[in-house]
Amino acid sequence: MATGQDWNRLDWDRLASYVVRYRRLAGYSTPKALSDATGKELSYKTILRVEGAKQPVNRDTLAIIETYLHWKPGSAVAILRGGEPQLEDDVSAEAESAATRREILAMTPDERAATHRKIREILGPEEAEKWRQRVVDLISTADEEPLSSPQQTGREVG
């Protein structure tokens with residue numbers, strides 16, 4: 001169990017990025033919306049502290065965040081240590097796919113291309129192609145007009 005200085009050395013920036021992403025996936029568009037949903041459990045200021053990785057928070061705060069982001073207990077600490085959150089059993093893959101689809105559709109073509117380039121740089125061409133295909137599959141099931149393929153535009157989609 002991390003305590004004291006060890007607690008301060010965990011990857012709070014990493015947790016911040018996960019909290020922002022999963023807050024949006026959970027339907028809370030802003031930190032204020034999440035704060036309002038928690039009633040008095042989490043203040044707006046505390047959520048900003050977490051999302052800004054300004055300073056570590058205690059385990060009780062992390063437990064509240066886990067509840068509202070539909071993570072199983074211990075997920076926040078797992079993220080701080082380089083792992084992934086475990087989703088509650090009642091959070092379906094379809095709900096996450098729908099939220100991801102909305103995020104992708106909200107991106108400009110340039111943002112999608114830049115994201116694909118970054119994925120390609122980090123994961124390599126073969127894995128990047130798998131992700132690009134997943135993105136194409138996700139957005140092709142959207143209600144909005146499907147995006148064109150890279151072959152049609154001469155640009156990367158992803």
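Helices here are DSSP runs of at least four residues, numbered from the N terminus. In this predicted model, Y18 and Y22 both lie in helix α2, which covers residues 12-25. These two tyrosines and W71 make up one aromatic cluster, and the points below set out the chain as a whole and then that cluster.

**Overall fold**
- The protein chain has 10 helices and zero strands.
- Along the sequence the pattern reads α-α-α-α-α-α-α-α-α-α.
- The chain has 158 residues, and 36% of them count as buried.
- Of the contacts between residues at least 6 apart in sequence, 56% join residues at least 24 apart.
- The accessible surface of the chain is about 9,700 Å², and carbon and sulfur atoms account for 50% of that area.

**Aromatic pairs**
- A pair of aromatic rings is described by two values, the distance of the centres and the angle of the planes.
- The count for this model is two aromatic pairs.
- One of them is Y18 with Y22, whose ring centres are 6.3 Å apart with 5 degrees between the planes. Planes under 30 degrees apart count as stacked, so the Y18 and Y22 pair falls in that class.
- Y18 and Y22 are four residues apart in helix α2, about one turn of the helix.
- Y22 also pairs with W71: the ring centres are 5.5 Å apart and the planes stand at 75 degrees. The cut-off for edge-to-face is over 60 degrees, which is why the Y22 and W71 pair is called edge-to-face.
- W71 belongs to the loop between α5 (59-68) and α6 (75-80), whereas Y22 is in helix α2. The pair therefore ties together parts that are 49 residues apart in sequence.

**Burial of the cluster**
- A residue counts as buried when its relative accessible area is under 20%.
- Y18 has 15% relative accessibility and therefore counts as buried.
- Y22 is at 10% relative accessibility, so Y22 is buried as well.
- W71, at 1% relative accessibility, is also buried.

**Charge over a ring**
- R21 places its charged end over the ring of Y22, 5.4 Å from the ring centre.

Conventions. Residues are numbered from 1 along each chain as its sequence is written. This is a predicted model: local features need pLDDT of at least 70, side-chain atom pairs count only at pLDDT 80 or more; totals for chains, interfaces and linings use all residues. Side-chain values use heavy atoms; hydrogens and water are left out. Helices (H or I, at least four residues) and strands (E, at least two) are DSSP runs, numbered from the N terminus. Buried means under 20% relative accessible area, exposed over 50%, partly exposed in between (1.4 Å probe, protein chains only). Contact means heavy atoms within 4.5 Å. Accessible areas come from the Shrake-Rupley method with a 1.4 Å probe; for residues, only the protein chains shown count as cover. Rings of Phe, Tyr and Trp (its six-membered ring) pair if their centres lie within 6.5 Å; planes under 30 degrees apart count as stacked, over 60 as edge-to-face and the rest as tilted. A charge sits over a ring if NZ of Lys or CZ of Arg is within 6 Å of the ring centre and within 35 degrees of the ring normal.
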